Amino acid sequence: MGIKNAQILAFFVLNIQFLSVKGGDYYKSDRLLFDFYSPQWVNTPNNVTTDPTISFSISWGKDMPIKNSKFSWFYGLGYDFSAIRHNIDLKTSPNIDETVREIGVKILNVPYSINRLSTQYLEIPFELRYRTQTKYPFRLYLGTKMGYMTRASYNLQEENIDAYKRRNLNELDRLKYGVTFRVGYGMFNFYTYYGLNGLMPSKRQKGINQLAFGVTLMAN
């Protein structure tokens with residue numbers, strides 16, 4: 001799925017969200033979640049940079065109240081599409097093993113207009129939720145999620161050179177896991193994700209964790 005298709009899907013689910021929520025109907029179990037966020041890499045080696053992009057995830061699951069209190073548990077299934085613009089060189093090299101990047105990341109030291117890593121994951125989210133039972137509820141959700149990478153692509157456009165593309169980057173960790181935090185009031189909620197594992201499962205390349213900030217829209 002490319003950036004353009006992702007933007008079309010994001011626009012589509014946004015319209016679904018606004019059409020499905022009516023005035024006076026904000027008391028929900030929040031089973032369907034749309035996250036729109038900007039990812040970046042942290043704990044990176046020197047000189048690694050990332051630029052803001054728009055990514056999204058969709059989760060659907062079951063909300064289970066805890067003895068009629070304001071607390072509940074949530075678990076479900078999800079899909080995540082993430083695109084990160086960066087300055088790392090992810091081109092193939094004879095010095096890179098088929099499964100692990102043993103030499104660590106390299107900075108792309110040539111002029112370029114596009115240098116983007118796109119990933120897609122199937123996810124399992126799990127949350128402990130606090131939600132007031134009001135028309136415009138206050139929400140505080142703390143959770144975790146694990147994802148399995150189903151597709152990864154790398155796109156590079158250097159100046160005066162044909163576009164370079166890669167698929168199925170084996171040096172990337174196919175699993176990801178991290179913590180999530182949501183807080184908000186009414187329809188709009190702030191969303192944060194921090195990845196606990198790194199981008200690559202290499203002993204020579206530690207760090208490169210994903211940190212994301214965005215908003216969450218919810219529907220019953």
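## What counts as a salt bridge

A salt bridge here is a side-chain nitrogen of Lys or Arg within 4 Å of a carboxyl oxygen of Asp or Glu. The model you're looking at is predicted, and a search through the whole of the structure turns up 12 salt bridges.

## Asp 30 and Arg 131

Let's start with Asp 30, whose side chain meets that of Arg 131 in a salt bridge, at 3.3 Å from N to O. Asp 30 sits in the loop between α1 and β1, while Arg 131 belongs to strand β5, so this pair ties together parts that are 101 residues apart in sequence.

Are these two buried or exposed? Asp 30 is buried, at 0% relative accessibility, and Arg 131 is buried too, at 7%.

## Glu 158 and Lys 91

Next up is a salt bridge between the side chains of Glu 158 and Lys 91, again with 3.3 Å from N to O. Glu 158 is in strand β6 and Lys 91 is in the loop between β4 and β5, so the link ties together parts 67 residues apart in sequence. Glu 158 is buried, with a relative accessible area of 14%, whereas Lys 91 is partly exposed at 26%.

## Lys 145 and Glu 123

Lys 145 and Glu 123 also pair up through their side chains, at 3.3 Å from N to O. Here strand β6 supplies Lys 145 and strand β5 supplies Glu 123, so the parts tied together are 22 residues apart in sequence. Lys 145 counts as buried at 8% relative accessibility, and so does Glu 123 at 2%.

Definitions and conventions. Residues numbered from 1 in each chain as written. Predicted model: local features only at pLDDT ≥ 70, side-chain atom pairs only at ≥ 80, totals over all residues. Heavy atoms only, no water. Helix = DSSP H or I, 4+ residues; strand = E, 2+ residues; numbered from the N terminus. Buried < 20%, exposed > 50% of the residue type's maximum accessible area, 1.4 Å probe, protein only.
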